[in-house]
Amino acid sequence: ELERILAGDVQALLAKVQIARSEELTARYPAESPCRIRVTLKDGTVHLKEKPSYEGFFAHPMSWETVFRKFEGLSEPHTTPALRGEIADAVSRLDSIPLADLTNLLGKVKEAA
């Protein structure tokens, strides 16, 4: 929510975030889409985590169940349960239906909201 993002504590945390490019990590693309996160605590303790990719990257695809949950969460404010079901069904059968079937359903999103 925008209100939460703009809250003072979140903004104070964001002010402490530094982002740096790594030639080493960049060189691993496109086989991987790696990232490295380092968190330094006030006492100097460092926690480091590196991941070669993310869920949804071609080398680490999401399960249908995960995709569906993500779709539900993102589309719920903009659609009805029935329309979400129709869209999900069309996407699951995309190899065997005309693309127009899906685009027609997507065109109904504004009407359903």
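## A walk through a predicted model

Strand E1 (residues 35-40) is hardly covered, since none of its six residues counts as buried (buried means under 20% relative accessible area, exposed over 50%, partly exposed in between, with a 1.4 Å probe and protein chains only). This is a predicted model, where local features need pLDDT of at least 70, side-chain atom pairs count only at pLDDT 80 or more, and totals for chains, interfaces and linings use all residues. Residues are numbered from 1 along each chain as its sequence is written, and side-chain values use heavy atoms, leaving out hydrogens and water.

E1 runs antiparallel to strand E2 (residues 46-51), with six bridges joining them; strands pair if DSSP finds at least two bridges between them. Helices (H or I, at least four residues) and strands (E, at least two) are DSSP runs, numbered from the N terminus. Arg38 stands opposite Leu48 in E2. Five residues lie between the two strands of this hairpin.

| Site | Angle |
|---|---|
| Gly44, in the turn | phi, about 95 degrees |
| Tyr29 and Pro30, cis peptide bond | omega, about 15 degrees |

Most residues other than glycine have a negative phi, and most peptide bonds are trans. Pro30 lies in the loop between H3 and E1.

Now for the core. Six residues make up the largest nonpolar core: Leu83, Ile87, Ala90, Ile97, Leu102 and Leu105. Such a core is a set of buried Ala, Val, Leu, Ile, Met, Phe, Trp, Tyr and Cys residues joined through side-chain atoms within 4.5 Å. Helix H5 (81-92) and helix H6 (99-107) each supply at least two residues of this core, and H5 gives the largest share, three residues.
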